[in-house]
Amino acid sequence: YDPTFLNEDLGGIMINVEGDVIPSKLGRTDVEGCCWWGRGALHTKGVCNLGKLNYYLGARGAREGRNTRYPDVDFCKNPEAICSDETRTMEMRWIVALFEWSERIQSYNDAETGWSYIEELTKFTTEEGDFLGSVQFSLQQNEPPHFLDEVGGILEQGCPFPPCIPEKPQRLRWRHFRKRNFITAAQGVGLPVKSKLFRETEEHFMDPSIRAIFEDSLLQSKSPIDGKMYQSYRYHFTDFMESLRKMADIGFGEDNFFYIGQGERDANLAEISGMLNIAIFLSYAIEMSILDDACDEHNTQLVNGRFPVSNSCGMYGAHYQDMICGRLEDKGTECPLDINQSFSAVTRTLDHRAPQPFKCAPKSQFPVTGFWDETRLEENHKTAFTNQIGRIDVEGCCWWGRGALRQVTQGRCFFGQLNYHIGKRAATEGRPSMYPKIDFCEFPEAICASEHSNELRWVSGMFYWIKQVQLFDNNRWNYIQKLKEMSRTVGAGGGKLDIEFLASVDCVLREGKSVCNSNETIAERLNDVLNLITGFNLPTQSPTATMPPTEYPTVSPTLDPTYEPTSLPTTTMPPTVAPNIFWWPTRQDVDFITKIISEKRSAIERKILTPRVEINDENLYTFDEFLASLRVLADGTVPGFYFYVGHSTTSNRNNRLRGLVNIAAFLAHVKTETIYHSICDERNVDSIEGKFPLSNACGQYGVSYQNMRCGPEESHMECPPDPRLQMTAIAPLTEFDPAIAEQNGAPEFFCAPKEHFPFTGYYDGESSTLINKQPFSNRAGRTDVQSCCWWGRGAMQMKGVCMYGKLNYYMGARAREEGRRSLFPDINFCQNPQAVCSGKYSYSLMWATGLFTWVELVQSQSQYSENLDTIAEGGMAKEIFIDAVSDILGSSEEDRIVIRSNFEDAVDALGLSL
């Protein structure tokens, strides 16, 4: 057969252009009687195998009175039925393979060699006790035959020790693939495909006390806004363990594994050196990525006082696209340069003032790039602004660092190597691949924005660690040997960490040589990590062991301390209201004020409680529920909390006026926030270039609701993040509210684990379509909705883990569990915050949470009490007073205008004279 030219058909024989007959290797020049090629899942072939198939399962069995599955199929006359039967071929392909396996493999028992499949299978599964450790992945000539090779020999050549025909010796094919696929298959059916060494490592880390330390002390990130620590969104214990299993047990290339003690005969030394290697890697991962809760490298280098957008091309003197592979064995594995690539990073510093995520795009899209404007909080591309290496564009600049070691995993060589060994290129070229469908050259952002990102953040870092650090052997400095030397010292007890060794590790990691000018080690961090996860109890390093900070910034850039605050609320919640700010109202005060409000019902309903669009006279916020909730929150039903309605109200006009003005200010903000639009759940309104990220559920306008933490004295109240939570907001009473329709028709907020939604996309306001094919980041860098259930709800759009935690502490299930009086004892607001908007008591909770939020955020401010006195005495204009309240709540300038008008309406509805 000549694939380039099809000549005439001569009796079924295809001839070449010259007309010469081309024999097969067996000498055949025809195809007469040649219908017995392999078919089905195991390519069952030959007259014997297909004849047996017909005898037991086909037409012959039926003719001879046996019960057969395919009585109408004569596999001797029509063997092609296996692949082309119209209705049963999908089943036959498997049935034929299983038949051959049971007939040829399971029953194999050769008396001459003493090899029995059942006996060898039993030995393999019981005596060795280590599926993975016994599967050798190297292809060295002296490799002893493995059980899988012996089975392959029977299947391919008819005996367990090929070559089976001495006259025609033939090597066993696909040995490497077969073993790799065995691991995949064994894992798929739930077998313990872990080496003994990894199982011991896993057992250590899975100890509840060690795991708790790991999660609560090591996988902690630091908020750049208030400096508080929180459990990382992106780096999780289970993902680390799965990644370690893959890289330590499966590895890549020719025996490249993450070192956990492999090959060391001294079991004690293997354990210590393995733990030490893990601890050093973790220390760098913490410093480089986990503390910042980041996957993508951030824009951190100032040039002439500004952050160039073109820093994505390289920072601190490095030009990422020029970083190609220099080692002889790695030549040609770097990614090709594609100037048409265009995408953005998904993470940036969790501070809305920091520069936007990195991007790359052709010059046709961005002819020149500018800088991050810290005043306007946007990128300024009006004029070109160069980075340190002279770039004023981002064409071909897609090679910034990513993953756990993002400060060093930059350049075309790294991503090309990743693709060559564990990505699509490996699969395309016939090598085993962990991620055969991911082309790390076409889409390097897959590390941070793909369905495998949870693993890839760790795997990419471990891959770099293996290639750059573990394999380093130069000028008599061998990392593994040096690691074992320090491990012996540590294992002997009382030994200190070798600072010189750690300084060399830093040089190797960052510069590829054991001696450099960095003078940087992670000694203190490593000391802490080791003591936490191993219990080695190393002595604390002396102050002289502390090295100067690395040249690579590990936190967000320092911003001008005189920077004007935004209108957004800060993420640090104020302390609980102190009772001495307002006098405690008596029951008589509450009765008197609620009587006044009841008399004003008609005006309040008309001027305040009427939404923009009414549906069948049904409103979310009713007067009766408002009055009932006000009474409960005003008379101290919730211990320690009361909404201020005035004191000595029957005898003191000013005190009465103070209480009514407080109510008017509250109603003005509630009408603006929720009543007017008839909403309970917060709406998705923060667009980025006309696109509304679904991850806005995690926070809008750069705020992270998960980071809205309580102060230290109240941190015990806040809700812990729970990645398992899953819920959806409810739509407003009308989906036809013009105010909302004018902005967008984005779907309601939802939260869900990453296992259900590895990433989230956006709603396109221009085309009114939902795009969820690739990750799209909100302003805080989130591309998922895991643990993002803390969006605004209720009359005052209460949000954040602190406020929901306090609600639960004072009014929910936690209050009941801890013996306090509770208004909603059956509702755990930390597990079900959506109860505010879509539960049994929602109509009450919408108001109750609003009043609660007002007490926490507004009445807790001492200046607010003074302002109430001043306006009641006629010493402050209404506009100045209500603007001061808007300042406390961080209302936008647009909302301020509306709030002023609504405050006028509320004052008028209550019949106040100010």
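Predicted model: local features only at pLDDT ≥ 70, side-chain atom pairs only at ≥ 80, totals over all residues.

Reader: What is the torsion about the S-S bond of Cys719 and Cys830, and which hand does the disulfide have?

Author: A disulfide is a covalent bond between the sulfur atoms of two cysteines. Here it is assigned when a pair of cysteine sulfur atoms lies within 2.5 Å. For Cys719 and Cys830 the torsion about the S-S bond is about -80°, so this disulfide is left-handed.

Residues are numbered from 1 along each chain as its sequence is written, and side-chain values use heavy atoms, with hydrogens and water left out.

Reader: Are Cys719 and Cys830 buried or exposed?

Author: Buried means under 20% relative accessible area, exposed over 50%, and partly exposed in between (1.4 Å probe, protein chains only). Cys719 has 1% relative accessibility and therefore counts as buried. Cys830, at 9%, also counts as buried.

Reader: How many disulfides does the structure hold?

Author: The structure holds 12 disulfides. One of them is formed by Cys295 and Cys448, with their sulfur atoms 1.9 Å apart. That link has -85° about the S-S bond and is left-handed. Cys295 lies in the loop between helix H12 (267–290) and strand E7 (343–344), and Cys448 in the loop between helix H14 (424–428) and H15, so the pair ties together parts that are 153 residues apart in sequence. Both Cys295 and Cys448 are buried.

Reader: Which hand does the disulfide of Cys710 and Cys802 have?

Author: The torsion about its S-S bond is about 105°, so the disulfide of Cys710 and Cys802 is right-handed. Cys710 is in the loop between E13 and E14 and Cys802 in helix H24 (residues 801–811), so they tie together parts that are 92 residues apart in sequence. The S to S distance of Cys710 and Cys802 is 2.1 Å, and both cysteines are buried.

Reader: Where is Asn696, and what does its side chain reach?

Author: Asn696 is found in the loop between strand E13 (691–693) and strand E14 (727–728). With 0% relative accessibility, Asn696 counts as buried. Its side chain reaches the backbone oxygen of Asp686 at 2.8 Å. Contact means heavy atoms within 4.5 Å. Leaving aside neighbours within four places in sequence, Asn696 is in contact with Asn684, Asp686, Tyr705, Phe749 and Asn778.

Reader: Which residues of H15 and H17 meet?

Author: Tyr464, Trp465, Gln468 and Val469 in H15 meet Val505, Val508, Leu509 and Glu511 in H17. By class, this contact has 6 nonpolar, 1 polar and 1 charged residues. Here Ala, Val, Leu, Ile, Met, Phe, Trp, Tyr, Cys and Pro count as nonpolar, Asp, Glu, Lys and Arg as charged, and the others, Gly among them, as polar.

How values were computed
Helix = DSSP H or I, 4+ residues; strand = E, 2+ residues; numbered from the N terminus. Polar contact = N/O pair within 3.5 Å; in protein donor to acceptor, adjacent residues only side chain to side chain.
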